[in-house]
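Subject: Handing over the structure, with notes

Dear colleague,

I am passing this structure on to you, and the notes below the display say what was found in it. Please read them with the display open beside you.

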Amino acid sequence: MEDLKIGVYVCNCGTNIAKVVDCDATIESASRLPGVAIARPYKYMCSNPGQEMIVADIREHGLNRVVVAACSPRMHEPTFRKALQQAGVNPYFLEMANIREQCSWVHEDGAVATEKAKALVKAAVLRVARHEPLERRSVDMCPDLLVIGGGIAGMTAALDLADAGSKIYLVERADHLGGNLARVDLTAPYLDSARDMLTDRMTRVVEHPNISLLLNSEVERLEGFVGNFQATIATKARNGNAADQVATVDVGSVVVCTGYKEFDASRITHYGYGKLPNVITSFEFEKMLREGGVETKEGKAPQYVAIIHCVGSRNLEFHAYCSRVCCMTALKYAHEVKSAVPGAYVSDIYIDMHAFGKGHEDFYRRSSEVKTLFLMYAKDDYPVIRRADAKDDCEMLIEVNESLSGETIEIPADMVILMVGMEARDDWADVAHLVNISGDKDGWFIESHPKLDPVATTTDGIYIAGACQAPKDIPDSVAQARAAAARILGRIAKGKLEIDAVFAEVDEDKCSGCRMCNELCPYTAIEFDAEKKRSHIISALCKACGACVAACPSGAIAARHFTDAQIFAQIEGVLA
Amino acid sequence: MADKKLQIAIYWGAACGGCDVSILDTNEFILDVDALCDVRLWPLAADGKYKDVEAMADGELDVTIMHGAVRNSENEHMAKLLRQKSKIFVAYGSCAYMGGIPGLANLVPREEIFARAYLDNPSIEPGNRTVPLSETTVNGHDLEIPKFYDRVYKLDQVVDVDYYVPGCPPQPDQCKAAILALVGALTGTAEAPPKGAVVGAFDRALCDDCQRTKTEKKIKRFYRPWQIMQDPDTCLMEQGILCAGSATRSGCGVRCPNSGIPCRGCYGPAPNVLDQGAKLLSAVSSIIDSKDPQEIDQILEGLPDFTSFANRYGVPASLLQRSHRQ
Amino acid sequence: MAIRANPKLIEELETYGAQDVSKCYHCGNCSATCPFSQDPYILPRRSMRSLQMGLERKLEGDLEPWLCYYCGECSQECPRDAEPGETMMSLRRWLTSRYDFTGISKLFYRSWRIELAAILLVAMLTGLGFFLFGLSQGNIHHYDGVNAFLPGEKIHFFDWGLAIVLLVLLLTNCARMWWFTIGRDKSKRVPLTAYIKSAYLLPMHFMTQMRYAKCERKRPWVIHLILMLSYVTMLILIMFFVKRMAAGPAIDWRVHAFGLAATVGLLGTTIFAVRGRIKKTENHYKHSHETDWMFLILLIVVAGTGILQFILHRSGLDMAANITYVVHLMSVVPMLGLEVPFSKWSHLAYRPLAMYFAEIKAEAARAEARASQGVRAPQAA
Amino acid sequence: MTFEPKIVGFLCNWCSYTGADLAGTSRIHYAANVRIIRVMCSARIDPTFVLKALHDGADGVLICGCHPGDCHYSEGNYKMMRRYPLLKALLADYGIEKDRVRLEWVSASEGQRFADIVNDMTERVRALGPSSIKTALATDMAER
């Protein structure tokens with residue numbers, strides 16, 4: 001290895017640093033450190049003349065390492081890296097000492113601040129001496145896609161991406177498209193027909209030349225990493241004699257849109273679902289509406305219709321979360337009952353009315369104007385439905401501890417609609433395992449960041465959209481699907497995937513295959529090669545957190561740019 | 001050189017003698033050693049006096065194999081003496097290499113050890129509670145016994161060591177391999193290992209040799225070996241039994257885990273690892289399956305006296321040294 | 001025990017003038033703005049809620065509607081335009097018809113045609129009766145004196161007769177009100193001492209309407225008080241001094257001064273109210289039920305004909321005065337006979353009574369709380 | 001002269017280091033005793049770093065990461081959270097006072113909190129006096 005020639009640059013930052021830290025003393029101390037060839041101050045290192053000074057020194061003095069003592073590396077590390085690159089030195093041969101945010105701005109006593117600055121500079125010099133040249137790499141990005149689930153989210157994502165020219169494999173387990181939305185009559189709050197909404201999309205999906213629609217199909221296996229997945233898809237044979245077809249396709253990204261299933265209302269015994277004939281679920285009511293008439297099992301028009309919210313949602317016994325769509329759907333039912341049976345009285349039994357979306361509050365107000373009786377009950381204090389007595393003018397009576405009045409009341413009902421909540425599909429864990437993502441305690445798939453990155457997952461190249469992530473209404477599902485499409489298109493447009501030069505690597509000569517690290521990676525970047533009995537890190541997936549590095553009991557994993565040796569040097573430096 | 005027998009010494013410091021036995025366990029190989037070497041000092045097997053060693057010229061011995069840690073002034077004196085007389089000085093076994101089991105004493109001060117051994121021990125006859133002194137006068141005669149140090153030292157903290165052979169004790173095969181390597185180096189038939197090398201061991205961790213099936217690890221509860229019916233084919237760590245194998249150099253032949261006993265780390269850290277205990281700590285705690293501080297504490301209750309486990313053979317070799325001194 | 005809800009009740013209340021009750025989503029702004037909303041009487045929200053749910057039996061026993069003077073602030077503050085003030089008003093109408101055992105009240109409130117017909121019928125009968133009576137025993141050209149067409153002492157006798165009938169009707173209704181609001185609820189016993197201790201409230205609220213004075217805006221209270229005092233003054237004059245009132249032509253200032261003042265009070269306030277209801281100047285004038293109009297018109301006619309006959313009599317136009325007198329009686333009798341027991345005017349009894357009941361109920365509740373604080377139920381071991 | 005302890009701070013890049021930067025941009029003055037070493041995530045902090053810092057003469061070690069649930073890498077800070085109790089037990093066995101090593105969660109918006117932690121820790125370590133870890137062995141060897 002060539003001799004170290006380190007250049008140390010101490011920025012005055014106008015007076016921001018120089019006012020408190022004695023820059024000359026810092027330079028004097030730095031110049032005596034091993035390997036330091038040049039040490040000099042400048043008024044503003046980040047300015048063009050400042051950067052040019054570094055470039056000139058590198059060329060003139062043959063510097064091969066640079067330390068800039070200035071502001072936080074979070075501010076100007078990229079700036080100085082660029083300067084190094086410009087001068088023909090690997091940009092990772094740079095280390096910054098943060099003597100502004102960590103010295104001059106936080107310490108009053110100049111002598112103390114100067115001592116600390118010297119220590120930070122020394123740490124940087126010792127560290128930079130152990131830096132290694134790093135190169136960014138890029139891998140090919142396959143523009144084709146796998147979309148799992150043919151509901152509204154899956155179809156939307158597939159269409160957006162197919163329109164942009166990608167080849168889409170849309171895999172749907174059922175024999176038809178549409179998912180749960182295909183079971184719905186009208187939609188809240190504008191009372192549009194769900195069927196109209198779907199028909200257009202379904203036709204386009206079927207006819208789209210870029211979409212290969214695989215009904216009766218499931219993804220069996222997914223291997224590889226972002227940009228380079230191989231998916232194995234099994235398609236069930238139409239008739240029993242033929243063999244199932246299995247195909248393997250190459251895709252660059254995967255959008256998971258597996259949706260939800262409804263809560264099983266019979267789990268709440270208070271409601272008598274399954275025992276009382278006219279207690280039905282919201283989906284059964286939708287079916288009734290789609291078939292064109294609201295009537296009881298006995299074929300009569302109901303005089304009293306009660307709607308119970310939060311069936312399975314918002315309680316500790318079943319699901320603590322809100323299923324988000326039921327409130328507005330319940331209001332929709334109030335309107336639909338009124339239009340089907342104008343003389344009917346509708347009672348809406350709720351916990352809280354969540355009318356958060358566009359047009360929802362207005363829809364709530366309009367629903368109260370059509371004389372819907374809103375009754376509030378407390379969480380975990382279920383209303384109880386019983387058969388009415390012969391003298392009553394109704395079939396059932398619902399006892400509610402009504403919170404707003406504090407009264408225990410009995411509401412007559414001839415038909416009760418249970419607003420069943422959403423829950424994760426039974427096989428969510430299999431799907432999660434298949435595509436290497438995780439689910440939360442309720443089985444909803446976990447997004448990369450709940451606010452800033454709600455579409456991606458911790459596994460690069462795997463995206464989620466629709467209700468498989470959390471209960472969602474149609475606009476949100478569509479928005480998420482289109483967001484996923486946009487994210488993917490952005491990456492496809494680049495053609496190549498840039499892989500950061502900073503990641504962790506396993507030294508296979510040291511790895512003993514103990515597999516301590518395997519479960520630690522949130523990005524499932526660590527693969528275990530069973531034949532070689534060695535773990536291996538897929539650098540394209542690694543985000544360089546270093547969790548596996550710290551945990552590797554035999555020191556076989558190294559964090560590029562944050563190696564043990566570099567950090568040890570820094571420790572020695574700051575303690576000098 | 002080839003016509004002259006190699007001059008060797010085998011000596012012990014603070015040790016149990018197991019290392020000597022491990023050399024004898026090479027069986028008939030010992031006869032080959034005898035054919036090749038003159039054993040000038042080996043207290044376990046042959047007579048030999050300090051004065052004989054003192055009489056040797058510097059460098060007269062080709063090799064000294066010393067096992068055991070330095071616990072007292074005699075250990076130190078002999079280590080230094082033998083070093084002076086030897087061309088090659090080998091730290092043999094975990095005690096010499098890292099401090100070994102005696103090194104565990106470094107977690108407490110000497111006074112506490114003495115108090116426990118000579119004063120507070122219930123098995124001591126009342127009225128006869130005597131603490132040994134290194135210098136005393138009996139009937140007008142000054143008597144001296146070796147001075148008991150406040151700490152146990154691994155060999156290279158006292159003398160310059162050329163090679164290390166780890167293990168408690170080193171396995172006979174490895175012992176053989178190490179001796180052959182040395183002989184090869186000395187007779188010029190093989191290249192000498194670089195100074196400071198660990199010989200008689202491999203470069204990966206023990207798991208590499210362990211035949212138990214390993215999968216991904218998540219631990220909800222730790223068990224002592226006697227608390228659980230062990231699955232003989234599955235990684236002990238995955239069963240919640242603390243095993244130091246992943247943080248320990250291989251070379252022992254995986255004898256303990258093969259017998260259903262977790263590895264205690266006698267072969268020392270893997271190469272590149274600064275502190276075996278810290279690494280084991282980092283790995284083991286990382287795979288605890290909980291995000292709740294209270295539950296984590298509860299799970300960690302299954303690891304009583306973790307320090308002594310993780311540093312069982314290497315307290316003197318640890319980055320940390322006991323800070324409080326009397 | 002669960003109370004049976006009647007989803008149809010709201011619709012029934014609509015016939016009493018309630019509007020938009022179902023719009024209320026119980027934000028509580030109305031109760032926050034109402035100066036009278038104080039535990040245990042949460043108004044108007046609690047009544048709104050009971051009404052939405054159709055808790056008939058509970059509503060029957062509620063005093064809250066009577067504790068409201070309808071300043072209208074609640075309706076103004078309501079974010080959903082659920083008109084709580086008007087709902088309280090219609091609840092008062094509904095309660096009036098509930099207290100009334102004859103069922104007449106219910107007929108009147110639910111159909112203005114029936115009420116109008118009843119008023120006209122009573123007016124016609126009264127007119128015919130008094131006219132024939134006058135002709136049978138007096139001279140239409142004489143207003144007072146020996147041959148007076150409608151002599152004071154006879155009218156006085158009639159007054160008292162009517163008063164007794166009205167009193168019986170009103171008291172029966174009041175008794176029913178007590179039964180609904182206090183008597184029926186066996187779980188809460190109100191001790192006799194409470195009735196005595198708070199008895200002073202009854203005349204006080206009646207005479208001063210001091211609660212109304214607590215409303216944010218004072219003018220409605222002043223108007224209402226003037227109207228009420230004028231009415232009471234007139235009532236006293238008629239019940240006790242009708243002979244002197246009729247005597248003339250000299251002005252007897254000892255009674256006429258009061259009579260004139262009361263007339264000015266009555267005419268002034270009713271005209272103000274009519275103007276207000278036409279122009280909808282105040283919150284509580286925004287919605288006018290037919291019964292409101294009939295009541296006001298009757299009152300104007302009563303006061304107008306009263307002063308007119310006075311003027312005609314003093315001007316020596318006795319015959320005109322006598323005819324006016326008959327017209328006067330044609331308006332007075334339906335007003336007293338129909339409005340007081342069966343319609344709007346009945347609140348002169350219910351409201352002060354409600355204040356009184358409310359106080360003793362609250363007092364009983366406080367006493368119970370004190371008692372239960374002293375003897376806590378022992379905790380389970 | 002009062003004893004000025006040397007404290008090594010290991011801060012995660014995303015929350016704590018940014019929080020420390022915020023203390024700077026907010027000009028919050030605090031004790032100068034903590035020298036910061038940036039790591040990408042608190043999960044990267046190998047207990048060896050802590051031992052190494054103490055071995056090399058640090059009087060204290062401060063470890064900061066994102067608050068539980070807020071990790072940039074989803075769950076890295078939980079890994080540190082799991083290592084910490086065992087590390088503390090190990091340090092205690094070596095006779096190292098508990099105030100010398102400390103784990104705190106500091107978010108990117110908690111500049112003041114970072115300053116407060118540094119000040120508090122500096123005071124506590126100052127009260128403990130200089131660490132003898134670095135010198136203990138040498139002193140013992142000289143005196144043996």
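Which side chains meet in a salt bridge with a distance of 3.3 Å, N to O? They are those of B:Lys218 and A:Glu519, and please keep in mind throughout that this is a predicted model.

That pair belongs to the interface of chain A and chain B, across which the rule finds two salt bridges, and where 13 residue pairs, both at pLDDT 80 or more, are in polar contact. Helix H13 of chain A, residues 547–551, gives the most to the side of chain A that touches chain B, namely three residues. Sorted by class, that side of chain A has 10 nonpolar, five polar and seven charged residues. In terms of contacts, 22 residues of chain A meet 23 residues of chain B, and the area buried between the two chains is about 2000 Å², with carbon and sulfur atoms giving 52% of it.

Chain A also touches chain D, and here 41 residues of chain A are in contact with 42 residues of chain D, while the two chains bury about 3600 Å² between them, 60% of it on carbon and sulfur atoms. Of the area that chain A buries against chain D, 19% is supplied by A:Arg74, A:Trp105 and A:Leu575, which is more than any other three residues supply. Three salt bridges are counted between chain A and chain D; D:Lys52 forms a salt bridge with A:Glu572, with the closest N and O atoms 2.7 Å apart. There are also 16 residue pairs in polar contact between these chains, both residues being at pLDDT 80 or more. The elements giving two or more residues to this side of chain A include helix H3 (73–86), helix H5 (110–128) and H13, but helix H14 (564–575) of chain A gives the most, with eight residues. By class, the side of chain A that touches chain D has 23 nonpolar, nine polar and nine charged residues.

Chain D meets chain B as well, where helix H10 of chain B (residues 276–286) packs with helix H2 of chain D (residues 47–55) at an angle of about 145°, the axes lying 8 Å apart. From H10(B) the contact is made by B:Ala278, B:Lys279, B:Leu281 and B:Ser282, and from H2(D) by D:Pro47, D:Thr48 and D:Leu51.

Turning to the sheets, chain A has an open sheet of five strands in the order S10-S7-S6-S14-S25, with parallel pairing. Its edge strands are S10 (211–214) and S25 (462–464), each of which pairs on one side only, and neighbouring strands are turned by 20° against each other on average, direction ignored. Helix H12 of chain A (residues 474–494) packs on this sheet, where it touches S6, S14 and S25, and its direction makes about 160° with that of S25(A). Within the sheet, four bridges join S6 (residues 145–148) to S7 (residues 168–171), and A:Ile148 has A:Val171 as its bridge partner in S7(A).

Another open sheet, of four strands with mixed pairing, runs in the order S20(A)-S21(A)-S22(A)-S1(C). Strand S20 (384–387) of chain A and strand S1 (3–4) of chain C stand at its edges with a single partner strand each, so one side of each is left without a neighbour in the sheet. S20(A) pairs with S21 of chain A (residues 396–402) in the antiparallel sense over four bridges, and the bridge partner of A:Arg387 in S21(A) is A:Met396.

With best wishes

Methods
Residues are numbered from 1 along each chain as its sequence is written. Chains are lettered from A and ligands numbered from 1 in the order in which they are written. This is a predicted model: local features need pLDDT of at least 70, side-chain atom pairs count only at pLDDT 80 or more; totals for chains, interfaces and linings use all residues. Side-chain values use heavy atoms; hydrogens and water are left out. Two strands pair if DSSP finds at least two bridges between them. Axes are lines fitted to C-alpha atoms, for helices over the stretch in contact, and angles run from 0 to 180 degrees between N-to-C directions. Contact means heavy atoms within 4.5 Å. Buried area is the accessible area (1.4 Å probe) that two parts lose on being put together, summed over both. A salt bridge is a side-chain nitrogen of Lys or Arg within 4 Å of a carboxyl oxygen of Asp or Glu. A polar contact is a pair of N or O atoms within 3.5 Å; within protein, one must be able to donate a hydrogen and the other to accept it, and residues adjacent in sequence count only if both atoms are side-chain atoms. Ala, Val, Leu, Ile, Met, Phe, Trp, Tyr, Cys and Pro count as nonpolar, Asp, Glu, Lys and Arg as charged, and the others, Gly among them, as polar.
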